[in-house]
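Here is a short note to read beside the model, written for someone meeting it for the first time. Please keep the sequence and the 3D view open as you go through the points.

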Amino acid sequence: MEELENLTLLGNVTSMIGQSGPSTLKMVFDVVIKVTLIIIMLGMGSVTELDPLLKHIKRPIGILIGMTSQFIVLPLVTFGLAHALMLPNVAALGMLVMGCCPSGSTSNVFTYWVEGDVPLSISMTTVSTVLAFGLMPLNLLIYSGSWTDENLVIPYINILISFAMTISPVALGILLRWKYPKIANVFVKIGSIAGALAVVLTLTLMSLLYPFMYKATWKIYIGAILLPFVGFIFGYFVASVCRMEPFRRRTVALETGIQNFPLCMTLLSLSFSREVFAEISLFPLLYGVTCIVASVIFAVIYRIVATFKAKTKKQKEYNQTDEENRKSLKETSKFMADINFDDDD
């Protein structure tokens, strides 16, 4: 029964993707996402000072933890998860490619929203993008043999473009922070707003462009839901074991859990025919949605906990101040009583 559902879904997907030429909506999606990405990274650069960034580069403990999670643990987890779910070969390969991708720029925005270490996040995103040139093909070579012997075409040009779109606006933002801090503060706010807008637009436009992804089998749903949370939990756990500060633990968790979804889709579209792409893209497409939703949940939980702690701390300080006032009043009353007693004598 499930095989029949897969064939029917594949036929529908193929007919949708097989339409000649890129749609207007697809072109709008590409332009909007690229423009908002540049604005977001300019904003993230504007909140970054040069000294903390250089500190992370000189003492790359956080970067090493992130890269270990990104390129060693996550591909292995993805490989095991695909086997555990017994996904079809093509769908499993799509999941593996997603797990081997570097972190995306979305992690920088969410790091800012959860009051993490933005310089660390940017340095981790940059390093992972550079390392992807060699480690993506290596991981795919190691793990893809379970499902296919076909060589994947690694989109080096697209990785380079992704790197340039990350580094250039970040560098400009850092320069603004250094020379014109007041202007930088404005771009920080604009970048944060653009990040929220990008989240809404990505979810909306992806749902309009690829509605067939929501008809995926339950196995693909489980994998797409589990993968980002596995990344979050593992990244946070390792950072905790290494005794990193809480705000850096959140940063490493987000960098480990958020993969570069656009890069994955580009790799798949360059490597496979439209017929194969229709099936192999199901997991990455659904992951793109669940990853954003999971990141929003991560940020909301942090905000709720942070607000609760702030209120508790404020109440504790208030109670302590009130107790000190009562004690002071009591001592003053006793002192006045002693004075009155002396006067009576």
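1. A word on helices comes first. Helices (H or I, at least four residues) and strands (E, at least two) are DSSP runs, numbered from the N terminus. The model is a predicted one, in which local features need pLDDT of at least 70 and side-chain atom pairs count only at pLDDT 80 or more, while totals for chains, interfaces and linings use all residues. Residues are numbered from 1 along each chain as its sequence is written, and side-chain values use heavy atoms, with hydrogens and water left out.

2. Now the overall picture. The protein chain has 14 helices and 0 strands. Buried residues (under 20% relative accessible area, with exposed meaning over 50% and partly exposed in between; 1.4 Å probe, protein chains only) make up 45% of the 345 residues. The accessible surface (Shrake-Rupley method with a 1.4 Å probe; for residues, only the protein chains shown count as cover) is about 18,000 Å², and 68% of that belongs to carbon and sulfur atoms.

3. How far apart in sequence are the residues that meet? A contact means heavy atoms within 4.5 Å. Among contacts between residues at least 6 apart in sequence, 85% join residues at least 24 apart.

4. Look inside next. A nonpolar core is a set of buried Ala, Val, Leu, Ile, Met, Phe, Trp, Tyr and Cys residues joined through side-chain atoms within 4.5 Å. The largest one has 81 residues, and I220, L268, F283 and L285 touch the most other members. Helix 14 gives the largest share of this core, 12 residues. Setting aside residues up to four places away in sequence, I220 touches L87, A91, L282, F283 and L286. In soluble globular proteins, nonpolar side chains tend to be buried together.

5. The surface has a nonpolar feature as well. I225, F229, I233, V293, I297, I301 and V305 form a nonpolar patch there, with about 580 Å² of accessible area together. Patches are made of residues with over 30% relative accessible area and no salt bridge; like charges are joined within 9 Å, and nonpolar side chains (Val, Leu, Ile, Met, Phe, Trp, Tyr) within 5 Å. Helix 10 (218–241) and helix 14 (282–344) each supply at least two of the patch residues, and helix 14 provides the largest share, 4 residues. One of the patch members is I297, found in helix 14. I297 has a relative accessible area of 37%, so it is partly exposed.

6. T290 is also in helix 14. Is T290 buried or exposed? T290 counts as buried because its relative accessibility is 14%. A polar atom of the T290 side chain lies 3.2 Å from the backbone oxygen of Y287. This is a polar contact: a pair of N or O atoms within 3.5 Å where, within protein, one must be able to donate a hydrogen and the other to accept it, and residues adjacent in sequence count only if both atoms are side-chain atoms. Leaving aside neighbours within four places in sequence, T290 is in contact with A224, I225 and P228.

7. Helix 12 (residues 261–271) is worth a stop. Its buried residues are F261, L263, C264, M265, L267, L268 and S271. N260 caps the N-terminal end of helix 12, with a side-chain oxygen 3.2 Å from the backbone nitrogen of L263.

8. Finally, the charged pairs. The structure holds 3 salt bridges, each a side-chain nitrogen of Lys or Arg within 4 Å of a carboxyl oxygen of Asp or Glu. E115 and R303 meet in one of them (4.0 Å, N to O). This pair links distant parts of the chain, 188 residues apart: E115 is in the loop between helix 6 and helix 7, and R303 is in helix 14. E115 also has a positive phi, near 55°, in a residue other than glycine.

9. The side chains of D117 and R248 meet in a salt bridge too (2.7 Å, N to O). D117 lies in the loop between helix 6 and helix 7 and R248 in helix 11 (residues 246–257), so the pair ties together parts 131 residues apart in sequence. Both D117 and R248 are buried. R248 also pairs with E245 (2.9 Å, N to O), and D117, E245 and R248 are linked in a network of salt bridges.
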